[in-house]
Every structure is written in structure tokens, then in C-alpha cells.
Amino acid sequence: MLLSHSRSPYKPRYVIKSKTSMIKKCKMKKLLWSWIILFNIHVNGMMMEFDEMEWFTVFNGTKVFQTQNDVFSEAKFPMVGLTLIQSAAAKGAVCLDGSLPGYHLHRGFGSGANNWLVQLEGGGWCDTIRNCVYRKTTRRGSSSYMEKEIPFTGILSDKAADNPDFYNWNRVKVRYCDGGSFSGDSENKAAQLQFRGKRIWLAAMEDLMAKGMRQAKQALLSGCSAGGLAVILRCDDFGKLFPPSTRVKCLSDAGFFLDAIDVSGGRSLRRLYAGVVKLQNLQTNLPQYCIQESLAPKSADPSGSWNDCRLNYAKCSASQIQFLQGFRTRMVNLVKGFAMPSKNGVFLNSCFAHCQTERHDTWFAQNSPAIKNKGIAVAVGDWYFERGGAKLIDCAYPCDKTCHNLVFRR
């Protein structure tokens, strides 16, 4: 998980440099007061969305079958309605299909009434015309298909017992419908596609500022996966919305995508992001910084030798685990450098999981994942409020017995 503050009176600075073909000069942007939680399902070579399959959680050897709906209905979390941004159309801030973008807002109360947590929704990317045309017929590309209400769980929960540090803040989930991590500003008239992610970001922020976020005493921008990448891209922009007196930080959960060699010896992630950048003409909108991603996509595994491992970590062979451990070693080495500045935070656990800040069972449940007996929610709170002890890197798989590993079946 990457947490970052875009500006502060102390102005700490740190830059990570690496190479990737996503952009000619890949340089990690300035990440201030930053935190990384790397709960990447991508480490297991996957780019799946939870709503595309059935999934299990495996904890301490116990397998519990569940779907997202099962988890949400059992936990009885608040259902929060969708607000479409009516002013967005005039600004050209629209989803892939031209529909209005939106967000879900649950108001804060008590001591948190003037604090704001804005979460950017994730959901992969579309890198070809065909993929984006399909995407605009789903909730990932059109508000016409978005749920009218969604449950607020994990870091968005309104219950102190489930979310002790942020439960009474104003909590927002900005829906993702541009296919490019809130970064594009172009269109493809022939395919009737609007790549207006950056305009959506601006329209959403303007709407929220008018609804009270302008007076925020504390603010946190968060997101997972594609939303986590968007957090990194938009962190400095978020910080500039507020005066220096506001505490502003950014949390990227599984949004740091490494430019890694895949199981075929190629670089699938480079091809994916090169496609997104070219299609949405992102060159002028992206900062010169780095990303990382999937190790075993189907394109790199035509024989299907990684299929079982991709869906269930317990079915990975010894050589496959060794390959994944090599990826972990590279990740840890990169993150150690990032973690050096005092204001940056890291929670890097060795689990086959994804979006752990958004899930009830992994955020602050009784048996949530932990490193050195510190759970995710506590670590994030310690980092945000500067209570100390927010640089946590796990031992190598399979040493961590607190993991809630995900197992998938279609």
C-alpha cells in the first residue's frame, strides 16, 4: 500500500527511478507523506475483477466460499446511493459512453464532520478499441449500468468497531468509468468513445469541494488497483485543493505496478500500458514515473501451465513459487528505498490478496492480516496520524499465517 502526502509544511521529497516502456522516461513522481500497501493479486499473475468470478477466502487452512454479495449482506453495512455529477456534461467530463460520472457520499458526523476520505474506484483498464467498446456496456464504462447503491465496507465503514480512525469522516467513493485511471483527455469519434478520466476527476473534486470538502481539516485520498494507480497519479493534484493547514495524505492499495518480466520472459505489462497510453493519448497527461503488473497473463502462458496457479496459490508448483518469490524480492528491494523517508509508510504482506483496505475481513476484523501483530487498519491509522510504526514488510511466503488468501473459480 502506498500512502502519500502531496504537500506539507515540511515538504519531504523522495524520487524512485526505474525503466519501463509505458513512457520514454519513467520516473516515480514526488510522493510526499506516502504509504504503500502492496496487496497485489497481480503478484499471482492475475488481472481479474471480483465480480467476474466466484471466490474463496482461505484463512489458517479454512476455506470459506463466498461471493461479494454474501459478504456485504452478512455484514449489514450501510448502502450508499449514487450521485450523478450534473455539471459534468457541460465540462465534457463523461464516461466512455458519454454518460454522466458519479460518486457515492456518506456524510461524516461528530469529530469527523470536517474530515474527508475520497476513494477512487478500481477495475482494470481497456487498452484497445474493442475492449473499450465492450467496457462502455458495463458499469466500468457507463453510469447507466452502475449500481444505484453500494455497501460501504472496510475503510469506508461508518462503524467505529470496523473502522476506528475514519468511521465518522465524510466518506466518498468516486466511480471509475474511463478505463484509464482517471488520466485521459481525448476521444475516438469513430468508435464513439470518450476518454475523459482527468475531466471526471476535476468535475468530481469541484462538486465535492462545493459540498463541504473545501473546509476539510484532514483529507485522505485512497484507492485500490487501477484506483490505487490513480491515487499516485492524482495525489499532488489532490493536495493542491487544500490550504497548507489541512493534513492531506494519499493511500494506494495494490496500485504500484512493477515493470516485471512475465512467465514467458516478455513484458506483458508494458504492452498493456503502452496500449492504454496510445489509445487515450496519455503522454501529455502522465507524470514521468513508474508502474508494475501481471506476471502470468494468458497471453504469456499459451500452454495454460499457469492456469491452476493463477486461480489458486496452493496449486502452484515449486518452480512457480520460486518465480513469484523472485518477484517479491525485487518488489521488497524497491519498496525499501521508498520507505526510507520518515513520512512514507509501507505495509507489504506476503499474501495472495487484493484490495484489502476495502474488505471487511481484511481491514479491521478480529482475524485481519497482520505484520508483527499490527493489522492493516491500525498501520494505516498510525501512518496517517503519525503515531509511529508504519513501515512493515512481511517475511516471505508461506510464513504469514494471518493471510486471507483469495482463491478463484469461474
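Cys235 is buried, and so is Cys250; buried means under 20% relative accessible area, exposed over 50%, and partly exposed in between (1.4 Å probe, protein chains only). The two cysteines form a disulfide, with their sulfur atoms 2.4 Å apart. A disulfide here is a pair of cysteine sulfur atoms within 2.5 Å. The torsion about the S-S bond of Cys235 and Cys250 is about 95 degrees, so this disulfide is right-handed. The pair links distant parts of the chain: Cys235 sits in helix α4 and Cys250 in strand β13, 15 residues apart.

The model is predicted: local features need pLDDT of at least 70, side-chain atom pairs count only at pLDDT 80 or more, and totals for chains, interfaces and linings use all residues. Residues are numbered from 1 along each chain as its sequence is written, and side-chain values use heavy atoms, with hydrogens and water left out.

## The chain as a whole

The protein chain has nine helices and 18 strands. Helices (H or I, at least four residues) and strands (E, at least two) are DSSP runs, numbered from the N terminus. Of the 410 residues in the protein chain, 61% are buried. Contact means heavy atoms within 4.5 Å. Among contacts in the protein chain with a separation of 6 or more, 77% come from residues 24 or more positions apart.

## Other disulfides

A search of the whole structure finds seven disulfides. Three of them, including the pair described above, are set out here.

| Pair | S to S distance | Torsion about the S-S bond |
|---|---|---|
| Cys224 and Cys355 | 2.0 Å | about -90 degrees |
| Cys235 and Cys250 | 2.4 Å | about 95 degrees |
| Cys309 and Cys316 | 1.9 Å | 80 degrees |

The disulfide of Cys224 and Cys355 is left-handed, because the torsion about its S-S bond is about -90 degrees. This pair also links distant parts of the chain. Cys224 lies in strand β12, and Cys355 in the loop between β14 (345–348) and α8 (360–363), 131 residues apart. Cys224 has 1% relative accessibility, so it counts as buried. Cys355 is buried too, with a relative accessible area of 10%.

The link of Cys309 and Cys316 is right-handed. Cys309 is buried, with a relative accessible area of 1%. Cys316 counts as buried at 13% relative accessibility.

## The nonpolar core

A nonpolar core is a set of buried Ala, Val, Leu, Ile, Met, Phe, Trp, Tyr and Cys residues joined through side-chain atoms within 4.5 Å. The largest one holds 47 residues. Which residues touch the most other members? They are Val118, Leu120, Trp125, Val174, Met205, Met213 and Phe238. Elements that give two or more residues to this core include the strands β6 (102–106), β7 (115–120), β9 (170–174), β12 (218–224) and β13 (247–253).

Val118 shows the contacts in detail. Not counting residues up to four places away in sequence, Val118 touches Val172, Val174, Met205, Leu208, Met213, Leu220, Leu221, Ser222 and Phe238.

The axes of α3 and α4 come within 12 Å and cross at roughly 35 degrees. Axes are lines fitted to C-alpha atoms, for helices over the stretch in contact, and angles run from 0 to 180 degrees between N-to-C directions. In this contact, Lys198, Trp201 and Met205 of α3 meet Arg234, Asp237 and Phe238 of α4.

Helix α9 (residues 376–384) has eight of its nine residues buried, so it is largely enclosed by the rest of the structure. The buried residues are Ile376, Ala377, Ala379, Val380, Gly381, Asp382, Trp383 and Tyr384. Just after α9, Glu386 takes a positive phi of about 60 degrees.

## Two loop residues

Gly122 is placed in the loop between β7 and α2 (129–135). At 12% relative accessibility, Gly122 counts as buried. Gly122 touches Arg140, Tyr176, Cys224, Ala226 and Gly227, not counting residues up to four places away in sequence.

Is Ser111 buried or exposed? Ser111 is exposed, with a relative accessible area of 67%. Ser111 lies in the loop between β6 and β7. Ser111 and Trp169 are 58 residues apart in sequence, and their C-alpha atoms are 8.0 Å apart in space.
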